[in-house]
Amino acid sequence: MDIRESILPGIGIKYRIDAESGDRIVIIIHDDGRRELYHFDYEDLEQSISMTTLNDQEARLIASIIGGMTYKPKQLESVEMTFDDFIIEWYRVESHYASIGKSIGELDVRQNSGATVIAIVEKKGKKYVNPGPEVIISDDATVVVVGERDQKRFKQILMNGSG
């Protein structure tokens with residue numbers, strides 16, 4: 001994938017993304033928060049075939065969907081995003097995990113893994129952003145954690161119910 005960035009004076013910023021598939025997408029982020037997305041014809045990369053405009057809230061929601069915040073394909077054990085030495089990972093709590101019914105504090109996640117739970121999205125849609133130690137892990141929830149790249153013990157804590 002090739003990504004090119006251009007400043008658009010008085011407008012905002014433009015990103016041109018050429019995917020491995022041959023598709024081209026252009027995203028313009030306006031200074032007022034609007035986003036415009038353009039999709040280009042595979043055969044003619046200069047001819048836009050579709051365009052949509054999103055407000056800031058819509059764009060952030062779509063980014064979370066594309067990024068896997070609300071759904072993770074079954075084939076993926078975890079989804080990760082990397083920021084230098086930090087990594088953000090999403091884990092689906094499976095029905096046989098021993099952590100179900102235990103709180104973040106009981107699992108002592110930070111002490112036992114070095115990771116910090118930054119969000120939990122339950123199957124029924126309830127969301128906890130920056131959950132406290134009293135929040136209980138439930139079956140089929142998605143747990144989002146951040147930590148250093150070399151700290152991978154969090155999944156064992158979810159599976160075993162202890163560090």
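This is a predicted model: local features need pLDDT of at least 70, side-chain atom pairs count only at pLDDT 80 or more; totals for chains, interfaces and linings use all residues.

Visitor: What makes β1 and β2 a pair?

Guide: Strands are DSSP runs of E with at least two residues, helices are runs of H or I with at least four, and both are numbered from the N terminus. Two strands pair if DSSP finds at least two bridges between them. Strand β1 (residues 2-8) and strand β2 (residues 12-18) have seven bridges, so they pair, and they run antiparallel. Across this pair, glutamate 5 stands opposite tyrosine 15 in β2. The two strands form a hairpin with three residues between them, and glycine 10 in the turn has a positive phi of about 80°.

Visitor: How do you know that β2 also pairs with β3?

Guide: By the bridges again: β2 and β3 (residues 24-30) are joined by seven, in the antiparallel sense. Here arginine 16 stands opposite valine 26 in β3. This hairpin has five residues between its strands, and glycine 22 takes a positive phi near 100°.

Visitor: Why is aspartate 108 called partly exposed?

Guide: Buried means under 20% relative accessible area, exposed means over 50%, and partly exposed is in between (1.4 Å probe, protein chains only). Aspartate 108 has 37%, so it is partly exposed. Aspartate 108 sits in the loop between α2 (104-107) and α3 (109-113), and its phi is positive, near 50°, though it is not a glycine.

Visitor: And what about aspartate 140, buried or partly exposed?

Guide: Partly exposed, because its relative accessibility is 23%. Aspartate 140 lies in the loop between β9 (127-129) and β10 (142-148), with a positive phi of about 70°.

Visitor: What makes a set of residues a nonpolar core?

Guide: The members are buried Ala, Val, Leu, Ile, Met, Phe, Trp, Tyr and Cys residues joined through side-chain atoms within 4.5 Å. The largest one here has 17 residues, and those with the most contacts inside it include Val117, Ile120 and Phe154. Among the elements supplying at least two residues each are β8 (116-121) and α4 (154-160). The largest share, three residues, comes from α4.

Methods: Residues are numbered from 1 along each chain as its sequence is written. Side-chain values use heavy atoms; hydrogens and water are left out.
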